[in-house]
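Dear colleague,

Here is the structure I said I would hand over. My notes on it follow below.

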Amino acid sequence: MALLEVQNIQKSFGRTEVLKNISFSLEKGEVLAIIGSSGSGKTTLLRCINFLETPDRGVITVGGDVLFDGANPAKKREKEIRKNRLHFGMVFQQFNLFPQYTVFENLVLAPKLLAKEKIAEEGAFYGANTYKGAVENINAEAEQLLKKVGLTEKRDEYPCNLSGGQQQRVAIARALALNPDVLCFDEPTSALDPELTGEVLNVIKGLKSSDSTMIVVTHEISFARDVADKVIFMADGVIEEEGTPQQVIENPHSARTQAFLSRFNQYSD
Ligand SMILES: Nc1ncnc2c1ncn2[C@@H]1O[C@H](COP(=O)(O)OP(=O)(O)O)[C@@H](O)[C@H]1O
Ligand SMILES: [Mg+2]
């Protein structure tokens, strides 16, 4: 069974139909790249999957659990939505780090709050030192993650003292700190100077080899070709074409995919 199943997602803003009928699935350890012109609905799709937007219709299933069913929209409590969100990690174009906290604090803040909440809820089953033990684990994991993204020496810096590429690597580590099932990236290198994109793309490539399941919205076509198992080309709120990178990027069938890609090829090698 697929880890993530997205079925017939529809979303309108007012009278604008932004997602028309989006379905795809993702196996554990797979990397999906989503490409497409600006305005085609890529960000809205990621936001629906992360419950930052509520789809009008459709079903989202993770590991066999139905997290959202538009046909049965039982009013979810805020707490339930937050719990659903934990299946997904999100890395945004603009990093969105907490500026008032150090790199290390950015990584441990949410996991600590979560541990506290869990202990409060299930308190009866824990001993007095539970929180201390949880914090030790969270700290140790954060050190590991800093190593993974190559930023151990920036541990105690504030985001404003880091380059864009470093900030984005912190954002990736912060998303990983919550152990999401699926890590989502929305144009993670679009806000970076060209010379800084490589370090971020390399970190994402490294995650692929450690078996993370990922959805990457990107304009970096050669990166998508190298790292993705599956590629979706979106146009006007529909999946215009999907398949392996060889199928979609090397041998696109749809005229719209061909036109989109030829615009990129003009500027790359
Ligand atoms: N919150 C919103 N309210 C109204 N329209 C929106 C909103 N978010 C996105 N849209 C519209 O939805 C369309 C798709 O946007 P988006 O998902 O950001 O596309 P992409 O990420 O592919 O550039 C655009 O026409 C955009 O103007
Ligand atoms: Mg977008």
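**Helix packing and the ligand site**

Helix 5 passes helix 6 in a right-handed crossing (right-handed if the near helix is turned clockwise from the far one by less than a right angle, left-handed if anticlockwise). Helices (H or I, at least four residues) are DSSP runs, numbered from the N terminus. This is a predicted model, in which local features need pLDDT of at least 70 and side-chain atom pairs count only at pLDDT 80 or more, while totals for chains, interfaces and linings use all residues. Residues are numbered from 1 along each chain as its sequence is written, chains are lettered from A and ligands numbered from 1 in the order in which they are written, and side-chain values use heavy atoms, with hydrogens and water left out.

The axes of helix 5 (residues 164-176) and helix 6 (residues 194-209) come within 8 Å and cross at roughly 20°. Here axes are lines fitted to C-alpha atoms, for helices over the stretch in contact, and angles run from 0 to 180 degrees between N-to-C directions. Helix 5 and helix 6 are therefore roughly parallel (angles under 35 degrees; over 145 counts as roughly antiparallel, 65 to 115 as roughly perpendicular and the rest as oblique).

Helix 3 (residues 103-121) has two such partners. Its axis comes within 8 Å of that of helix 5, crossing at roughly 25°, which makes the two roughly parallel; this crossing is right-handed. With helix 4 (residues 130-148), the axes come within 9 Å and cross at roughly 150°, so helix 3 is roughly antiparallel to helix 4. That crossing is right-handed too.

Now the ligand. The residues around ligand 1 (a heavy atom within 4 Å) are Phe13, Val18, Ser37, Ser38, Gly39, Ser40, Gly41, Lys42, Thr43 and Thr44. Helix 1 (residues 42-49) gives the most to this shell, with three residues.

Polar contacts are pairs of N or O atoms within 3.5 Å. Oxygen atoms of ligand 1 lie 2.8 Å from a polar side-chain atom of Lys42, 2.8 Å from an N or O atom in the side chain of Thr43 and 3.2 Å from a polar backbone atom of Ser40. The protein covers 57% of the 560 Å² of accessible area that ligand 1 has on its own (Shrake-Rupley method, 1.4 Å probe).

Regards

Technical notes: A polar contact is a pair of N or O atoms within 3.5 Å; within protein, one must be able to donate a hydrogen and the other to accept it, and residues adjacent in sequence count only if both atoms are side-chain atoms.
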